[in-house]
Amino acid sequence: MHTLLITGPGGAGRTTVAAATALAAARNGARVLLLSGDPGNPLSALLGEPTGDPVEAAPGLTAVPAAGVLTARVDSGEEFRQELVALQERGSALLGMVGARPLGAEELTELPGAEQFALLRALRRAAAAPGTDLVVVDMPPLHQAVATLALPAQLRRYLARLLPAERQAARALRPVLAQLAGVPMPAQWLYEAAARWDEELAAVQAVVEAGTTSLRLVAEPGPGADAALRTGLLGLALEQLPVAGIVANRMVPQGSPDPWLAGLAVQQEKYAAQWAGDTPVLPLGHLGRDPQGPEDLARLTGVEGLVPGASGEAGGTARDTARNRRTWVVEDRLADDGVLVWVVPLPGAHKRDLDLVRRGDELLLAAGPYRRIVPLPSALRRCTVSGAALADGELRIRFTPDPGLWPRRP
């Protein structure tokens, strides 16, 4: 099964491209599941009304068939209510101890951020859907999508720091204390919940980082989209998430006698060519109106190249079968310069946007509005940071061996 994540700057038409991709794949004979977290139901205007009854596409994930595609919409409010009610039930003894009154499901309204959690949980379920060849995910706008995709790894790190499994104090005494108190010990409840959350987050992270998962960006070529796209690409590079290609959406035809259209076409070609210097670009023609229904989606010029692995797709099958996270290489320059160099690819980055701080065995990296904390490779933990330089889209961080920690050569 292949999973295709689609995002882009707001207003670029990512939902249309997601629906067109799903429809093109279905018409090629693939069994497709289209997943969206958008409020309302924008997919119904693009794929038409349902052609059958709702089905369970995967455990806990309901989808409806339309135009040969199974479509599933994430209800983040309902997901939030179910999770919080279940959490209260698991901690009922502890809540009773402190005299708390549980909240009823009808009292709960979702909090900011619930959409990301619900979408990630649905993504994990969709990736395990039986009898599915392709999962297409209509992600949130680009900046929010970067944060969403980075969330599982970030939360797992927080859990490991705040509730480390190896530090569960007085583990052997807990059953005795629980008997005396008559309720489960809070520590036991917390660690059990942390283990359950970590397992769920690890499953989502595995889907995001899988070799069968690829990411495609949708943007309408122009100066506004260019700035947003470059910022988003920087965030994705920081998270080591490769991009399979960029869809240059709503491209107007060349050679129009109308001066305004001719000027717009020149501008679009200029920016599409710039983007192609870093990432494969697939142009998608403008229909002249907002697409309505599956027939309009099929009329979009270039739609046949949207299907992952199709001969017309930018990058082709080879790019889609190797979607693993990009490795940050450690170069051994001890013999020549006495340092190890950690090479971090950050295409499009500017020196003014970057910052790094060493903290124990971790490195805090900031690139524009994005931040990431990464563990140092074992060899670099025995070194001190001695400098960094940005050149040709690569941040090269120099590490000098600490004589007190580095093994002596005979």
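In the predicted model, strand β6 (residues 134–138) is largely enclosed by the rest of the structure, because five of its five residues are buried (under 20% relative accessible area, 1.4 Å probe, protein chains only). Burial extends to both faces of β6, with Leu134, Val136 and Asp138 on one side and Val135 and Val137 on the other. Strands here are DSSP runs of E with at least two residues, and helices are runs of H or I with at least four, numbered from the N terminus. Pairing requires at least two DSSP bridges between two strands. Strand β1 (residues 2–7) runs parallel to β6 and is joined to it by five bridges; histidine 2 has leucine 134 as its bridge partner. Strand β2 (residues 32–36) is likewise parallel to β6, through five bridges, and leucine 34 stands opposite valine 136.

An open sheet of three antiparallel strands has the order β12-β13-β14. β12 (354–359) and β14 (370–375) each have a single partner strand, so one side of each lacks a neighbour in the sheet. β12 pairs with β13 (residues 362–367) over six bridges, and arginine 358 stands opposite leucine 363. Helix α6 (residues 142–162) touches β13 and β14, its direction making about 40° with that of β14 (lines fitted to C-alpha atoms, for helices over the stretch in contact; angles from 0 to 180 degrees between N-to-C directions). Contact denotes heavy atoms within 4.5 Å.

Residues are numbered from 1 along each chain as its sequence is written. In this predicted model, local features need pLDDT of at least 70 and side-chain atom pairs pLDDT 80 or more, whereas totals for chains, interfaces and linings use all residues, and side-chain values use heavy atoms, without hydrogens and water.

Terms used:
Buried < 20%, exposed > 50% of the residue type's maximum accessible area, 1.4 Å probe, protein only.
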